[in-house]
Amino acid sequence: IEVLDIQRMEYRPKTKPRFKSVGAARQADQLADRLKILAKGKDKAADFFRQLSFHLFAYVSNRIPEITDDLYKMDDALRTGFGWELGPFETWDVLGVERMVKAMKDAGHQPAAWIDEMLASGMDHFYKTEKGNRFYYDQKDKKYKAIPGTSDFIILDNYRGEKPVWSNEGSTLHDIGDGVLNLEFHTKMNAIGSDVIQGINKAIDIAEKDYRGLVIGNDAPAFSAGANLAMILMLAVEQEFDELNMAISMFQKTTMRTRYSAIPVVVAPHGLTLGGGCELSMHADHTQAAAETYIGLVEVGAGLIPGGGGTKEMVLRASDEYQSGEVEFPELQKRFLAIAQAQVATSAVEAMEKGILRSGVDAFTMNQNRLIADAKRAVIDLDEAGYTQPLMRKDIKVLGRSALGAFFTGVYAFGVGHYVTDYDMKIAQKLAYVMCGGDLTSPQMVDEQYLLDLEREAFLSLLGEKKTLERIESLLKTGKPLRN
């Protein structure tokens, strides 16, 4: 593709401009941090961002009260109608109201008169939070007012000014009232690593002593994109298999503890909920998902199988669906394909149809602003219903060699038909072995730990394969799966 050079009026090859300010901003995980970096930049991209911001801020301030009397409504409209993560007044707050007003005036842009009045009265923010409640500046009455209708919302950003119950580098535990805690992740893409695993266990420890229950949820764009693949790749390349075994075992114990703790644990997934994030959701006492949740077990794309209890959980759920006198293999096959094909449900309703969420047990929320509040309500309902600590399952029916033969035949047929690569076949065979309970001569009952051990063994063996490491490296570098 060639572009027109307006200086010479000739076509030339397209070049992609690169700016230091944009590169620096990309390194920040949070939008607020990226905006601050851009606003302080010294290159053309930063100049463009500042000029754009000046125009935007001057415009929106002068549209009050023409468009609306209340500034929060303008932010709401742009977030819900146009997909902005922060509205214009929220962005202005992030960059500093007083600082931006001075810069705007220096550049020849005049904000509305009520902005100067607000600053002159000592109020230098459009929004503020107190005790988990959010207030906005009302230019008519010249004071802060509670945003109407938000009493039913629990927005975790509103708790930033309060001391958390506990925190580490990757997670924070908040008291959200009525004896309920909320644990949020804040790693890159909310990937599950050692800090998050420590956070989940610590949150359950604290909740079991002094609280009614625990919600695991956050306000980030993605609930969790899965396990920390960079850490897994590093350990696998260095052949630290003892450490890998310990890490996978710890994650399995953590997901199991989520289900078998002494208090109700509700997970509130939304957005991307993949791999380990999906496994965590599958082990909750109750999952309160956002309606638009993209959830699935996608480990095959990284050359692995679900290793945090996800494979075990699919076998358990298939076992619960077996009916006396009916053929059992199709129920297991449906769940096998969900993992082997890395199927992702594009909504909470579809996740229930695929068996990732449980119909009649789990639920979903249409308005994502209500998600944490609905999850908190679910914790209280479980507690008031007389929650008792569940017992680990020992009655999971596995089909053994008869189903294993059928799976191997199907996988071979896919390979011969060139629908999958040879390595896809190898992963699928490992998955089939775990889901059938191993090479058992006949169907029998096993416990959860038996399946977890098989799952972990298969996970570790695949990490010893060069092609799995190539797939993980491709995902980390390009974000796209490699079919090798």
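Tutor: Let's start with a pocket: the lining of the second largest pocket divides into 27 nonpolar, 12 polar and 5 charged residues. Keep in mind that this is a predicted model.

Student: Where is the middle of that pocket, and how many residues line the second largest pocket?

Tutor: There are 44 lining residues, and G226, A227, N228, L229 and I232 lie nearest the centre of the second largest pocket. The space in the second largest pocket comes to about 1,200 Å³.

Student: Which elements give two or more residues to the lining of the second largest pocket?

Tutor: Look for α8 (194-210), α9 (229-237), α10 (241-259), β11 (271-274), α11 (276-282) and α19 (466-478). Of these, α10 gives the most to the lining of the second largest pocket, with 7 residues.

Student: Now helices. How do I read the packing of a pair? At what angle do α12 and α13 cross?

Tutor: Take the distance between the axes, then the angle. The axes of α12 and α13 come within 9 Å, and they cross at roughly 155 degrees. An angle over 145 degrees counts as roughly antiparallel, so α12 and α13 are roughly antiparallel to each other. The crossing in which α12 passes α13 is right-handed.

Student: Which residues make the contact of α12 and α13?

Tutor: On α12, find T311, M314, R317, A318 and E321; on α13, find E331, L332, R335, A338 and I339. By class, the contact of α12 with α13 has 5 nonpolar, 1 polar and 4 charged residues.

Student: And α12 with α18, at what angle do they pack?

Tutor: Helix α12 (residues 310-321) and helix α18 (residues 448-463) have axes 8 Å apart and pack at an angle of about 135 degrees. That is why α12 and α18 are called oblique to each other. Their crossing is right-handed. In α12, the residues G310, T311, K312, V315 and L316 meet E448, L451, L452 and E455 in α18. Sorted by class, the contact of α12 with α18 has 4 nonpolar, 2 polar and 3 charged residues.

Student: How many degrees separate α13 and α16 where they cross?

Tutor: Roughly 45 degrees, and the axes of α13 (residues 329-340) and α16 (residues 401-416) come within 11 Å. That angle makes α13 oblique to α16. Here too you can check the hand: α13 passes α16 in a right-handed crossing. The contact joins F329, L332, Q333 and F336 of α13 to A403, A406, F407 and V411 of α16. In classes, the contact of α13 with α16 has 7 nonpolar, 1 polar and no charged residues.

Student: Is the peptide bond from I64 to P65 cis or trans?

Tutor: The peptide bond from I64 to P65 is cis, with omega near 10 degrees. You'll find P65 in the loop between α3 (44-62) and α4 (71-82).

Student: What about Q239: is its phi positive or negative?

Tutor: Positive, at about 55 degrees, although Q239 is not a glycine. Q239 has its place in the loop between α9 and α10.

Note on methods:
Residues are numbered from 1 along each chain as its sequence is written. This is a predicted model: local features need pLDDT of at least 70, side-chain atom pairs count only at pLDDT 80 or more; totals for chains, interfaces and linings use all residues. Side-chain values use heavy atoms; hydrogens and water are left out. Axes are lines fitted to C-alpha atoms, for helices over the stretch in contact, and angles run from 0 to 180 degrees between N-to-C directions. Helices (H or I, at least four residues) and strands (E, at least two) are DSSP runs, numbered from the N terminus. Angles under 35 degrees count as roughly parallel, over 145 as roughly antiparallel, 65 to 115 as roughly perpendicular and the rest as oblique. A crossing is left-handed if the near helix is turned anticlockwise from the far one by less than a right angle, and right-handed if clockwise. Contact means heavy atoms within 4.5 Å. Ala, Val, Leu, Ile, Met, Phe, Trp, Tyr, Cys and Pro count as nonpolar, Asp, Glu, Lys and Arg as charged, and the others, Gly among them, as polar. On a 1 Å grid over the protein atoms alone, a cavity is a set of points where a 1.4 Å probe fits but cannot get out, and a pocket is an open set with protein on both sides within 12 Å along at least five of seven lines; lining residues have an atom within 4 Å of a point. Grid points are joined across faces, edges and corners, and a volume is the space filled by probe spheres set on the points.
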